[in-house]
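Here is a short report on one chain.

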Amino acid sequence: MIQSFSAYTTEIDDVELAVKELVERLDCEGKLRKNTVGIMSCFSDFIGTGVVKALRDTFPFDVLGVTTIANASAGQWGETMLCLLVLTSDDVEFVTGLSEPVPEEDSSALRLSYDEAARDRADRPSFMLGFFPLLSNAGVDFFVESMDEITGGLPVFGSLPVDHNADYCESRVIFNGEAWPDRAAFLLFYGNVEPRFYKGTLSADKIFPAEGIVTASTGNLIQSVNGKPTRDYLVSLGLTKNENGEIDGINSFPIIADYKDGAEPVVTSMLAMTPEGYAVCGRNVPVGSTFAIGRFLPEGIVATSAGTIEKALDGTQFRTALIFSCVGRYFSLLYDQSAEMEMVVSEMRDRGVSYMMAYSGGEVCPVRKDTDKLMNRAQSNTFIVCTF
């Protein structure tokens, strides 16, 4: 069994006060068991002021996590917060790892770090929590596919970092007081733990009824749908081009792609259109996938997230919840960007659950395949929940 504690601080500049607030709000002195680990998310300024490093000197356990643009925990939400979730157990062991820098799409650093973490164990982990770097030359699909191969399909739940800058230049993976732009950190769970995974994307009424087939693609570049350049196909659905021949607000129309591999469909963003009319997407979409588009509206975002939380809470006994939501959902909330966090805080109130929610630069969450198996899958524009 895992017992958990959660806390937050909004104090960025005063390191001693920030640590004092976290220690007092955790209130876990004398309650920690044989095995303990910390999971954190924070506004990037907490790194530069020394608060993140001070946690390494304060707590006698490993702490890993990511930067974020906004987060929530322990009944509070905000944009300039540090949230900490502490897990402790006698019968579940926590093994952490940190990779060397990850060069483009080369998984050798990931493999080496995983092998080092797991090599002294005869048993297999129950699942992995992974924090992967936000890189321009390696996407979330690469990390999911690499860890799938390295671990033999171990369930992986996790997030890529994000921050408050337009180019996300301060996005960092955090491990024991240090922060890196290009390394992965992970946590292996060994023992008596049975995680449950939930996700929410778009409600059915926000999806266009037309469905096409991807007829040409290269990685995350969708070149044609139903034999037409992707832009022409979108125009045939009723999307309009401006005087420059471009579709305005293309990133507000997410793609719902079914890979036809027995797993649930995934959602991804169209980030841009090339001069040839190809769609640049947030993740790979292979040839043969079905292609539908939707529309993110503020009320739909909160509704699908609330439905996901309700599903997680329905008839399930758990003590801990870890939640990530795509930063695209945060921006799509327009003038009410705290609405999703407020909903989480409200739903978790008086539940006796320790939790942390953070916005993500890419989500990783297992999905059901053929109803009885779990398959790791990169997510986008998605609200994901892991409970145990």
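## Overall fold

Among contacts in the chain between residues at least 6 apart in sequence, 78% link residues at least 24 apart. This is a predicted model.

The chain holds nine helices and 28 strands. Its radius of gyration is 21 Å, close to the 21 Å that the globule rule gives for 388 residues, so the chain is as compact as a globular protein of that length. Along the principal axes, the C-alpha atoms fill a box of roughly 65 × 45 × 40 Å. Of the 388 residues, 56% count as buried.

## How H7 and H9 pack

Helix H7 spans residues 298-313, and helix H9 spans residues 339-348. The two pack at an angle of about 25°, and their axes lie 10 Å apart. Angles under 35 degrees count as roughly parallel. H7 and H9 are therefore roughly parallel to each other. The crossing of H7 past H9 is right-handed.

## Residues at the contact

Which residues of H7 meet H9? On the H7 side they are Ile301, Val302, Ser305, Ala306, Ile309 and Leu313. Their partners in H9 are Ala339, Glu340, Met343, Glu347 and Met348.

By type, the residues of this contact between H7 and H9 divide into eight nonpolar, one polar and two charged. Ser305 is the polar one, on H7. Glu340 and Glu347 are the charged pair, on H9.

Terms used:
Residues are numbered from 1 along each chain as its sequence is written. This is a predicted model: local features need pLDDT of at least 70, side-chain atom pairs count only at pLDDT 80 or more; totals for chains, interfaces and linings use all residues. Side-chain values use heavy atoms; hydrogens and water are left out. Axes are lines fitted to C-alpha atoms, for helices over the stretch in contact, and angles run from 0 to 180 degrees between N-to-C directions. Helices (H or I, at least four residues) and strands (E, at least two) are DSSP runs, numbered from the N terminus. Angles under 35 degrees count as roughly parallel, over 145 as roughly antiparallel, 65 to 115 as roughly perpendicular and the rest as oblique. A crossing is left-handed if the near helix is turned anticlockwise from the far one by less than a right angle, and right-handed if clockwise. Contact means heavy atoms within 4.5 Å. The radius of gyration is taken over C-alpha atoms; the globule rule is 2.2 Å times the number of residues to the power 0.38. Buried means under 20% relative accessible area, exposed over 50%, partly exposed in between (1.4 Å probe, protein chains only).
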